[in-house]
Structures are given as C-alpha cells and as structure tokens.
Amino acid sequence: MPVRKCFSVCLFVALLPFITSAQESFRLKHPTSWAFRADDALHRKLYRLAAQDAQLASQADYVGTSSDWVSYTNRNKFVSVLGRLESNAPNALDTALAALPAFSEQPYHDRISLAIARHYFLKEKLVEAIPFYEAAGIANFNNIEIADAKFELAYCYFNNRQFAAASNLFAIMKEVPGKYYNPGNYYYGLLAYNDGDFKAALTSFDKIKSEPIYKPVVPYYIAELYYYMGQRDKALAAALKLIGGKEKQYYENELHLLVAQCLFEAERYGDALPYFETYYKHTDKIRKEELYEMGYSYYRVNEWASAIAKFKPLSSSQDSLGQTAMYLLGDCYLHVGEKDNARNAFGICAAMPFNGKQREAALLRHSKLCYELGYADEAMNSVNTLLADYPSSSFRPEAKSLQSQLFIVINNYKEAYNAILEGDGANKNSKEIKQRAAYGYAMQLVQAQDIAAADRLIDVVLANNVDAGYNAAAQFWKSELSYRLHQYQAAADNAKAFLNNESDLSLAEAISPAATKAHAALNLGYASLELKNFKEAQQAFALAKASGRSATTQADASVREADALFMQKDYNAAATIYAAQMKEQGRVGEYARMQSAIIAGLKGDNDEKKALLMPLVVAAPASEFTNDARYELGNVLLEESKYNEAIASFQPLVSERNSGFSAKALLKIGTAQQQLGLENKALESYTSVLQDWLNTPERADALQAIKSIYISRNQPDSFSYLLQHYHLPAMGEEEQSRTYYNAAETQYANGNWAASETGFSKYLSLYPQGILADKAKYYLGNAQYNQRKYKAALASYETVLASPWAEFSDEAVRRAAEISYADSNYAMANTYYQLMKDHAAAPVDRTVALTGLMRTTAQQGDMPRAALYADTLIASDTGLAVVVKDEARMYRLRTIISDSTQQSTATALIAVLKESTNNTVAAEARYYAAQRLMDAGKLKEAEAAASASIKKSAGVDYWVVKTYILLGDILMKEKDFFNARATLQSVAQHAANPSLKDEAKRKLDELKSIESTKLSNE
C-alpha cells in the first residue's frame, strides 16, 4: 500500500546512519570523532548523550599532537561533567563540585559554576546557589544566559532576605524589555516598598498593574502605597474601586481593612465599621492596633457593647495601646451600667506605666468605683498609689477626701481626719466627712485616755455641723470630756444644750449608745455637784432617774439625787432615798447603806449608825465599802471610849496595805493605845506609819505623836535614836523624794508621756529601793508604751515582774505579753500568758491568758494545742466575749476543715462564724464558704459570695487578698478571663504579703496558658 511503503522508506532512511555506525568497528573509528559528537550533543542540549560521547572520547586512543593533549582532555572532562549535571545523572553534583577547582580555563569554570548554581536553584536550594552564581561571572555567556543567571541570582537574594543585592539586580532588569521586564518590576516594587521608597515602588507597580499574572495583587499594593504616601483620598478611592470591581482580588480582605483605616483616620467612624467587620469576620488573627481601631470606632458612635467586645481582648496588651484601650473600656462599661467591670478595666489601666496622665486619671476612677462598690481595701490601694506617685496631681484634693472616707470605713479615724484636712474643701461632702472623721478620731482618743486631744476634736465636730446626729452626739461628749478635764461649767452647759435638743437625741444615741438623755442628765448632775450647785444637781439626777432605761442607771441617779440633798443638808429627804436604795443588791445598795449610816451619825444616833455599818463590816465576800464601814465604826467606838473594840475594828484595815485606810487606821490605833496607857504599843503604831507610809498626810501626825510621847518622857535622845534605828530619812530628803515622784505622776496623769518617762526614770535612779519604786516602774513602762517605745516598755514591765507578784504584776504581765506578741516573739508571749494564767484571780484575766495561749501556740504551728486552748475557752467560761468565743471556734474549724469525717461540723461552724462580729474571724469563714461553693461547681453563687466577702472584710488584709485570689480562680472557671486577669493583676501589684503576691502571679501564668483569643501575637 502506498502510504505504508512510504512510511517504511522514511523509517529506513532515518535509521540508516545508526545502522552504518553500528557496523563500523570501534577500533577503526578516529578518537576525535567522539569529542566532536560530544560537542555537537552539548550544543543541541542532548546532555546525557554529550556526557556519554565525552566519556568515550576520553577512553579512546588519542591521535594528535602532544601539545593539544591537555586541551583535548580538559574539554572532554568539561563536557562529561556538564552533561551529567545538566541531565541530573546520579552523583553528578558531587562530581561537579569535586571537579570545579581543576578547571583552570575560565570558560569551563564559569560554565560549571553556573550549572551548579542552576542545579541548586531548580532544587530550591537558593542559599547554596548564590556563591556559584556569583562565581560564574558574565564574560563567557550570551545576553540571554546572562539575563537568566542574573534574574535567578536576584531571586535567590530576595528569598535569602539580601534585599539590597536583589534590588540592584532587579533595578537593571526592570528597565530591559524582555521576559524579565514584568517580574523585574514586580520584585523591585516589592523591595522598594519594603525599603520605604514608596514612589519608586509605585512607579514599578504601575507598569504591570494590568498584566494578568499581577492583576490580582498589584492594584492592592498601589492602593496601599497611596495610603503610606499620605494620599488617603487616592488610597480610599482605589481600594473602593477594587472592592466594587468584578474581579476578585487576592487581598480582598486586606482591601476592606485599608478602606476601614482610611475612613477611621478621616474620623468617619460609622462608615469605617462595616469594612472593619468584614475584615474581622474573614481573618483568623487580627493585630491589636486594628482591633483597637474597631473598638474605638464603636466607642465614638456610642455602640458600647460592640466597643466592649473589641477592647476586652486588649487587656493582655502591655503597652500604651493596651492602657488606652482599658481606659476606654472602663468608660464603656460605665455607659452600660456595669460598674464592677468598669472597676476592673480602670484597674488594669492604672497598673500600666506608659501614659502617666491616663494612669493618674484611671487610679482616681478606679478608687472611686471600688469605694462605691464596697471594695474598700482595693480603693485604698489605688488612692494611696495616686497620692504617692503623683504628689502634685490636680486630683489630690479629691483623692484625699476619698482617702478620708476609706479610712472611716476601716475605722482608722486618725488617718481619716488627717486626710480630710488636705481634702477638697469645695466638695459638698467635705464638711460631713470632716465631722465624721473628727468624731471617730475623738472616740479613739477617749479610749486611749487622751482626753484633752479628744475634746479639741469634738470642737471640730461641732464646728462642721452637717449631720444632726453627729452634732448631738458631739454635744454629749463635749459635756463628758469637759467634766473629765475638770471644766465643770462647760460640762454643765453642754449637757443642758444636749438635753434641750429633744429632736436629735435618738439620732445621737444611734451613733453613740452612751449619748442618752439619762447619761447627759448624770453628767449635768455631777458637774453641778462640782460647781456646788446642789439644787441643779438634784434636779438633773431626778431627770436621769426618770429617763434611765436600766435599773442600774435609775439606782445610780437616785443615790446621786440623795447626795445632792445631803449636800443641801436636807438629811431627812436624803435618808428617805438612801433607805429606798438600800434594798438594791450590789454597790448602789451598799453605798446607800453607808450614806445612811453617816446621816445617822450626823444626827447623833450612834446606835443606828452602828447597826447600819455592821452588815457592811461582816459582808462575805467583802463589800467595796467594808473598809469605809470599819473605819467609821472604829471612829464611833473611839467616841464612845470603847478603845479595845475600836482597835479591833481598825486592825483589819492595817493588814490591807492598799485599802487607803491603813495609815489612818494605824494612827487611830495609836490614839486608842495611848488612851489605854499603852505608850510603847502606841509608839510602835506611830513608828509604823512614819516608816511605811511616807506618802500620806498621817505621817506628819504620827511623827508629832511620837515626838510628843518622847518629850513627855523627857527623852529627846530616844527620839533621835528611833529615827536612826529605823533608818528613817530626814524630813528634807523624804519630802524631796516625794517631790520627784509627784512631779512624774502629775505628768503621767495629764498624758504627757515623754515628760513622765523622764520623771519616773529620775526617781528610780535616785531612789531605786524607794517605797514607791514598784509603782514607778509600772508607770514608767506605761509611759514608754504610750510613746510606742515597746522594747523599753517591755524591759520596764520585766523589772516589775522580777519582784514577787504584787499590785501591778497583773497589768505588767498583760502588757509584756501584748508587746511580745506584736513583735512576733510568740514563744516569749506564750511564757507571759502562761504566767498570767497561773496568777489569774479574776475570770476576765484567765480568759485573756487562755486567749493569748491559744494564739501564741497557733502562731508557733502547734494547731492541736491551740485547738485545746480554744476548747477550754469555749467550755469553761460562760461569760466569754462573743468575739473571743468566735475566734476560739475558728481555731477549732481550722483543725477539721480538711477532715472528711467532720464536714457537717465544719459546715455548721462556717455558717455561724461568717456572721461573727469578729471581722477577722468572719472574713476567714466567708472565704471558706465561697471556696466550698466553687468546689461544688456553684460558680455564680461562689462569685457572689467571694465579692460580698471582700466588701464586708475591709481592713482584714490577709483574707481580703486571699479572697481576691479565690475570686480569680472562680472567674477562670467561668471563662471570664478579662475580669480574672484584672483581679489577679491587682493582687500581684498591690499585695503586701509576698506569698500571696507570688500566688497571684502563678495564677496569671495559668490564665495565659488557658485563655484563647483572636488577637495576633504580632
């Protein structure tokens, strides 16, 4: 068939050269023909064939001149290496790398270098390719090869971030028409963009913007370049055109962001938001700057909820942008009424140092919100930080006013008063704050017995008459304090002013339970007695009796009314009242009996007087007036010349050295003994007064009596001998010692602690064994204690305790224990409390000792023993104060809180103790209650319980901070990461307790590991 035949002939013709060659003997072929064939194959890019022919040429017998041998051999080796490398033969790269140094001819060296470079390039080993491209040069290549090599090298530079070198090459290519013109402009444009040469970048991109391969991306770059060149209108127009076009852009999402930012910077916040939202919706991660701009746009159009959603993730951004975002977030929360969240946002802002003015304002807003919401401790931290870090702040007056209110909350009225003195006087609440602070401070000074200072503060309360209740209470206390300062007319006048203000009496009593009509009338009565206005005193006591709500007040007022009648010498009327009050049990009845006996004596009815006195004399246990009764009875018996009976009545008074009657009784006994003719015994009694009672008026009388006896006996030498024998000081020295002591005691009574310390120290240095030395040591300790010289005070109390247990030992050991405990010397405090317990006579002293033992053993880590003391307190003392009983219960709770077998008991104790009036105990119990709710998975209830506890526990620093950390745990479990971070950051920044601070920091690290966010880390 023709077609088939033709095909056979063509096939034969095509194969003929190969058949002929195959029939030719290898040994007969000229060896240089293989080299020619290799060169021809290389020229036609038949690289594998070229490598084979070159190998055959190198193996054939060489026929030629010896001078051509080296060139011939090098050429074959070059073709073989290049052919193998270009055909990607096995181990070709290693062969080429090994052979490259041997090619001394530059063309061969350049060609092999370029081949190696391209081999790496095609394998995408661009870093390895660079040195071989650089080694190849351009002298031995044509223009096309040069262009290819330079573009490839530029691309390698680009990907290896050697931008300057890449830019130089692309700069050349972008100007040369051909296949690298467009990519040259593209890559040069990118590099110029990267270097900030926006004009050059724009020129290059503009040349290729319509090219199909670049059209999806380059127009976006052009729009962005307009933006960076400050041509916002052009950028906006270009981006909007691209978004509205039919063709989908590769950077579609970024175009929306570009439009949004252009509109944002033009303050067209509402217009920007749809573009921001499109971008936000279609991106996995968003930069914090972009998120901030979204939030700020919503903020400016008053879309608070959306602004909150965008600002919240920025709480973790520790920079100026994060700080500003938190300030605006706080403002957003205020607009939607979420003050707790606003508090946290301002708190995070205040914790950042980047913008001082913003931090300053945030500290004030945070502290005000904390105060308003009941977080007093947190508010105090912020306001203190504001005042410390910004001493010249324009907010200082307002901050000081707020600080004063916070000190009032935690009952630190001294600091509250000092703060309000620097506060905002223009503030409408300033006078009210000052009134309350001054009143509270005055009451604390009353407790500290600084009466004069308290009185001055009460004047401040009255001068700032805003709250009628505080004003009325201050009038009452002005009367009370004036009386204590011996300003009796002022006491009477203020009592009358208080009583005349009937409408405010109930308000005053609500503030101070002592400020009642009855107590004010008593003040008026006592002041009038001092003023010797006995009629007015009688009327005042009658009013007190009529208005008194307790039997005790009524009884006391009755006897004082009788006293006023007594002073008016209306003995019959007085006797009638006294007689009625004699029926009362206790002190009032005994006092009335004593006064009735005195009236009987005044009437000359000694039998009635003795009958009235005898029940007091024989009372068991002894009455407060037993010694008075014995003394009065002894005087009656002296009058009746019943000397032995008189001596028997006086004798018990001598035995009770501290009764106040010892010296007088001894003097009376001496008188009776003289009347009985027992002069020697009388001398003994008088001498005892002279020697043992140096500080009594009776001493001078005793000395005169002794002197008179010896004079009557004509024995003046015996009188001198007696003074020497009993080592009695001379009158001048004795009076001098008394002067030293009295001077110190006067300063002590007036509260002049430094002066009294000096006085007592001087007395003890001059008279270390003086009869008043023990008393002086105790008062010296008190003077030092009141100056907060606790170490010195402790040493003074120890000198008291070094002597046998006596009058001042109880108080000295109590103070010594308190000082040691406050100094954290719990072992020493424990020793003192044990000593106190061993000598405790009164139940109250035993209670104080057991309480101290409970606390000190707990502080030493012996919780079981502390719990035993707690059990003893609860079980043995039915009169135990509630606050102490609750503290004891807390020690018991701590020992069982983790005991799974006693959980019902623990639950019951927590329920009771969280309502305790002992705020420290209540704070701890409330913590356990909230913790249990969290452990039970009742997170919302736990959060509410923890927040309420923080507010109620103001001033109990440890448990407030501990509860804040617990609140952080609860919020993390609720996945409320924003508020959890705010809570824990506040603790980490402000906590004074190092262990709690570290705990909060660990919790913050945990929060970072579990929190998820769309925010980019860039």
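**Reading the model, step by step**

Modeller: Start with confidence, as this is a predicted model. The mean pLDDT of the chain is 85, and 92% of its residues reach 70 or more. Over residues 1–29, however, the pLDDT is below 50. Beyond near neighbours in sequence, that stretch has 4 contacts in the model.

Biologist: How should I treat a stretch like that?

Modeller: Where pLDDT is low, the predicted coordinates should not be read in detail.

Biologist: Let us turn to helices. What describes a packed pair?

Modeller: Two things: the angle between the axes and the distance between them. Take helix 51 (residues 919–935) and helix 52 (residues 939–952). Their axes come within 8 Å and cross at roughly 165 degrees.

Biologist: Is helix 51 roughly parallel or roughly antiparallel to helix 52?

Modeller: Roughly antiparallel, because the angle is over 145 degrees. The crossing of helix 51 and helix 52 is left-handed. Residues making the contact include Ala923, Tyr927 and Ala930 of helix 51, with Ala942, Ala945 and Ser949 among those of helix 52.

Biologist: And what about helix 43 and helix 45: at what angle do their axes cross?

Modeller: At roughly 30 degrees, and the axes come within 11 Å. Helix 43 covers residues 773–786, and helix 45 covers residues 809–822. An angle under 35 degrees counts as roughly parallel, so helix 43 is roughly parallel to helix 45. Their crossing is left-handed. Helix 43 brings Tyr778, Asn782 and Tyr785 to the contact. Helix 45 brings Glu811, Ala812, Arg815, Glu818 and Ile819.

Biologist: Now single residues. Is Arg343 buried or exposed?

Modeller: Buried, because its relative accessibility is 3%, and buried means under 20%. Arg343 sits in helix 19 (residues 339–350). Leaving aside neighbours within four places in sequence, Arg343 is in contact with His366, Leu369, Cys370, Leu373, Tyr375, Glu378 and Tyr964.

Biologist: How many disulfides does the whole structure have?

Modeller: A search finds 0.

Biologist: What should I look for in the backbone?

Modeller: Look for exceptions. Most residues other than glycine have a negative phi, and most peptide bonds are trans.

Biologist: Which residues of the chain could you show me as examples?

Modeller: Lys45 is one: its phi is positive, about 65 degrees, although Lys45 is not a glycine. Lys45 lies in the loop between helix 2 (32–43) and helix 3 (47–59). At 59% relative accessibility, Lys45 counts as exposed.

Biologist: Where is Arg788 found?

Modeller: In the loop between helix 43 and helix 44 (790–801). Arg788 has a positive phi of about 65 degrees and is not a glycine. At 61% relative accessibility, Arg788 counts as exposed.

Biologist: Is the peptide bond from Ala620 to Pro621 cis or trans?

Modeller: Cis, with omega near 0 degrees. Pro621 is in the loop between helix 34 (606–617) and helix 35 (626–639).

Note on methods. Residues are numbered from 1 along each chain as its sequence is written. This is a predicted model: local features need pLDDT of at least 70, side-chain atom pairs count only at pLDDT 80 or more; totals for chains, interfaces and linings use all residues. Side-chain values use heavy atoms; hydrogens and water are left out. Helices (H or I, at least four residues) and strands (E, at least two) are DSSP runs, numbered from the N terminus. Buried means under 20% relative accessible area, exposed over 50%, partly exposed in between (1.4 Å probe, protein chains only). Contact means heavy atoms within 4.5 Å. pLDDT is the predictor's confidence in each residue, from 0 to 100. A disulfide is a pair of cysteine sulfur atoms within 2.5 Å. Axes are lines fitted to C-alpha atoms, for helices over the stretch in contact, and angles run from 0 to 180 degrees between N-to-C directions. Angles under 35 degrees count as roughly parallel, over 145 as roughly antiparallel, 65 to 115 as roughly perpendicular and the rest as oblique. A crossing is left-handed if the near helix is turned anticlockwise from the far one by less than a right angle, and right-handed if clockwise.
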